[in-house]
Amino acid sequence: MKLTQAEEKVMTILWSLEKALIRDVIAEYEDPKPAYTTVATIIKILETKGFVGRKPIANTYEYYPLIEKSEYTQVFLKSFVKNYFSDSFKKLWLIPL
């Protein structure tokens, strides 16, 4: 399943931190930082898609990735090659740089 650019950004941060509160994720963004509610919504979507899990901590949640970055990269690359290069890795490598 392909993630949006915003979802990929949050996942990249979670893969880097391994586990984090929403405020920890926001702290990793460059300025201007997104709103708390924006990041919370993205994480909720990632939970629904099965990419993120959560554990209650006091009155909030700690979030963590449910899939490895390498697993997502492999699925994304296969989908990219299928959609843009007729399912042929050979065609991908023949593109002039």
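Select helix H1 (residues 5–17) and helix H3 (residues 36–48): their axes come within 10 Å and cross at roughly 90 degrees. H1 is therefore roughly perpendicular to H3 (a term for angles of 65 to 115 degrees). Axes here are lines fitted to C-alpha atoms over the stretch in contact, and helices are DSSP runs of H or I with at least four residues.

This is a predicted model, in which local features need pLDDT of at least 70, side-chain atom pairs count only at pLDDT 80 or more, and totals for chains, interfaces and linings use all residues. Residues are numbered from 1 along each chain as its sequence is written, and side-chain values use heavy atoms, with hydrogens and water left out.

Next, show the side chains between the two helices. From H1, pick Ala 6, Glu 7, Val 10 and Met 11; they meet Ile 42, Ile 43, Ile 45 and Leu 46 of H3. Contact means heavy atoms within 4.5 Å. The residues of this contact comprise 7 nonpolar, no polar and 1 charged; Ala, Val, Leu, Ile, Met, Phe, Trp, Tyr, Cys and Pro count as nonpolar, Asp, Glu, Lys and Arg as charged, and the others, Gly among them, as polar.

Now select Glu 7, which lies in helix H1. Is Glu 7 buried or exposed? Glu 7 is buried, with a relative accessible area of 5%; buried means under 20% and exposed over 50%, using a 1.4 Å probe and protein chains only.

Finally, zoom out to the whole chain, where buried residues make up 31% of the 97 residues.

Terms used. Axes fitted to C-alpha atoms, helices over the stretch in contact; angles between N-to-C directions. Parallel < 35°, antiparallel > 145°, perpendicular 65-115°, else oblique.
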